[in-house]
Amino acid sequence: MFEKLRRIVSRVDADYADARYEIKKETIISFNGKELAKVASNSTDGYVVRVLKDGGMASVVFTKESDVEKALRMAEENARLIAKTIDKPVRLAESGTVKDTFIPKLKEDPRKVPMAEKLDLVRKCNDIPLKHKKIAMTRISYEEVTREKHFVTSEGTELREDLVTTRLYGEIIGKDGNLTQNVRVRAGGGNGFSTVRDQEKNFEERTAIAVDLLKAKPVQGGTYDCILNQGLAGVFVHEAFGHFSEADIIETLPAMRKKMKIGSKLGSDVLNIIDNPTIADQVGFYKHDDEGVAARPTQLMKNGSLTGRLHSRRTASEFGESLSGHCVAEDYRFVPIIRMGTILIEPGEPSFEELLTMLGDGLYILDAKGGQTAGENFTFGAQYGYLVKNGKLGEMVRDVNISGNLYKTLRDISVVGNDLLLSKVGGCGKGQMNIRSCHGAPHTLIKNLVIGGA
Amino acid sequence: MEKSLEMAKKVSDKAEIYSLGYTHNSVSFKNAKLHDIGSKLQSGVSLRIIKDNKLGFAYTRNLVNRQELIQNAINSLEGEVEANYEFPLTKELPRIDTFDLSMKKVSSTQLVEESARVCDLLKSRTDAEISVSSTTYTETIRVMNSCGTDISGQSTFYVMYASLVFPGSASGIWRAFLSKNFGEMPDNIVNEMTELYTLSSKVIEPKGGKMKIMFMPNSMMALKWRISSGTSSKSVYEKVSPVANKVGEKIFDDRITIHDDPLNDKYPGARAFDDEGVACKPLTIIENGVLKSFYYDLDYASKLKAEPTGHGHRTTAWGGEPIAIKPNPALTHMFIEPGKKSFSELVKLIDRGMILEGGLGAHSGNIPNGDFSIGVSPGLYVENGEIVGRVKDAMVAGNIYEMLKQVVDIGDTLYPSWGTAWLPPILCDNVSVATKN
């Protein structure tokens, strides 16, 4: 395959070119309630070529080998057109050349587990909620995605890397009269089939939450001091802050770029944030990104001050900052864009119990369902919560949705707990889906969050 | 393709091949400067086989190994996914005009020039951070099955997205222009964007509470998803639709009429047949507030003993890769009947309220139940019939089955919503808004 990619790269009339060929293998088992809705195991493939010519950079993705000439000419022409039109040429930060092969060592290779065994495992987990009479529906899926990547640049880099992602996840939907409540269930990771085994307890706990939610009251809309559990605080750091550490987002938003200057004090003193795709055995792990740059831990915030940013080769050059190795594609259908790997709030000292005491009155809110951000504003939902009075957990509440302003909220983070936990299943849709997007945090106390009630 | 179908027929009772090819060329301007040009040339094949009423599903990109595709489908039969339906025999198709040959000749240079023109116009009138993208798209879909169906359709789309971002945020006023062929973005769209931007430049922090909310097409996605969920045969079958047994009953205000009309080729995205080869036809979902019909694909029609309505599509709420998605019921050309009031007449009807230009988190919350809770991004605040500024930190929450009973009025203009729906602004009363004050 390297030979084929070398030939493609050499046929491009450009200052720089790279070519990625990828085979993507997917196995999916999905249940809608008792019914098995889909069982399939398939393989697809395709090419992505990027071309830099006279400071203009363009890309083409294609699937048919017979399209290669046409595709290359399109990319060349578009690169020339960009070069002719823009004032400031695109440059790529130097990353050196690498030749490497990385095939992950998995704790039980999912590709070697027979389909019947997988099916049995998913069915058993799916049956747990369905046994309960208040559970109207489940949507539980098993997914196994392998990206077999081959990457060659005109600079001489040649990389072969596999990413294997396994997950067992879905929704448990409870129903009582006209009221329905859904709770998510998640298991999986980047290091093998073992991450989806022994999930019975997980499914039982989530089922109990779905059932309890049917009796919970909707939260009253308003402003609250809140403790976010690890899953929710992780989504917060990803959605509200993480995306603005992605250089390609702020590159062309001048006002935002100015605010996000390295050294700016944006958060409270207790806030330390890092993105580290090199943490072994996590769903966010990779060795090289899809530009062939080695992933490296990047401190984004230290004691509330901005210390770093996530980059592609293009933005590292544009910002004059260090490469971080965060330019990643969903698969062979996409050019890479800047993505978080494993972003996390570094732990502090206090325990969860201590946080509750510090909170006094407010809300304890848990586990995310969906999140979105537009500039300084973000919105995300919590799956459930509890009222807290005098540091004691009270009754359960439902329909918890949080909206806020990035800068205010970063300053309002008042205490960070000591119990860091990383997410097992990713899913960030910034134009492309990143199923390996990993985030984490300890329990975190945030003041003055706007909660939209019903 | 024919060969693969023949091979598939030998190992099954029924077989279907869906193939999709598309090319697209996309130019993007960011901060009013040319940023990127990307092209895609994609094709793929998806196979469904049914044997002993069980489904086998497989797909691939390059038909280099037919045997592997067939084998993957056979392996998938082991899952014993029920499939008690027939593939249709579709010979006669409604004639619709979805293809414009001139699209093939549209060059990147033309896209760059048109994008630059729109950027310059927007720049001359506002201090916004401007981004514009312009994309040409050509696709061919072919469906063949063992009943003898062999139909195909070609479509072209052109889409321009333009946005005016309030500096310091990534939120702003944006509009889309969609067409079957390349053309200039009409002045009225540009004018509306710049006017709204200018009127809402001041940030204000109003008190929360119940108020009138005008849903604009970009925020109406939150409502569209919930309406689609509630009226889908899949939700009915799964017993998660709150209106499952309300056909013939009034569920919304009199003025709400919703239909899906795939044959309406005045708008891009029209279809003569769905992704299962069923001929498309118009379907009324809600008429004057009364629930008329659910929409069906082959599978859910058979499960609910109803007729398929031609709504089997290979898509999800998120889009996704058609060849890898099993057909499921979807509305792809949905219209909400416009009213008679112009945008400015609607604004005059608001004593206190917000125009919800964009919403964050339309996908979170309890969609089957019709609940929504979305962050404003942005909301234009209105007092005594005048836009007085924009709101940044606020959440709008409610339930569509309650809110769409309290419609104040509906706008007279249809806007494209993500290429799958054409929607007018809808003004609702007594919607709850949470703010910091």
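## Ground rules

This is a predicted model, where local features need pLDDT of at least 70 and side-chain atom pairs count only at pLDDT 80 or more, while totals for chains, interfaces and linings use all residues. Residues are numbered from 1 along each chain as its sequence is written, chains are lettered from A and ligands numbered from 1 in the order in which they are written, and side-chain values use heavy atoms, with hydrogens and water left out.

## The sheet in chain A

Chain A has an open sheet of six strands with mixed pairing, in the order β12-β11-β10-β15-β24-β21. Helices (H or I, at least four residues) and strands (E, at least two) are DSSP runs, numbered from the N terminus; two strands pair if DSSP finds at least two bridges between them. At the edges sit β12 (305-306) and β21 (421-422) of chain A, each pairing on one side only.

β21(A) runs antiparallel to β24 (residues 438-441) of chain A, and two bridges join them. Within this pair, A:Leu421 is opposite A:Ala441. Helix α5 (residues 230-241) of chain A packs on the sheet and touches β10, β11, β12, β15, β21 and β24 of chain A (contact means heavy atoms within 4.5 Å). The direction of α5 makes about 120° with that of β24(A); axes are lines fitted to C-alpha atoms, for helices over the stretch in contact, and angles run from 0 to 180 degrees between N-to-C directions.

## Where A meets B

On the A side 80 residues are in contact with 72 residues of chain B. The two chains bury about 6300 Å² between them, 50% of it on carbon and sulfur atoms; that is the accessible area (1.4 Å probe) lost on being put together, summed over both. In chain A, A:Asn42, A:Thr63 and A:Arg333 lose the most area to chain B, together 8% of what that side buries.

Four salt bridges cross the interface (a side-chain nitrogen of Lys or Arg within 4 Å of a carboxyl oxygen of Asp or Glu). One of them links A:Arg333 to B:Glu321, with the closest N and O atoms 2.6 Å apart.

B:Ser377 and B:Pro378 are joined by a cis peptide bond, with omega about -5°. B:Pro378 sits in the loop between β17 and β18 of chain B.

A:Asp54, in the loop between β2 and β3 of chain A, isn't a glycine but has a positive phi near 50°.
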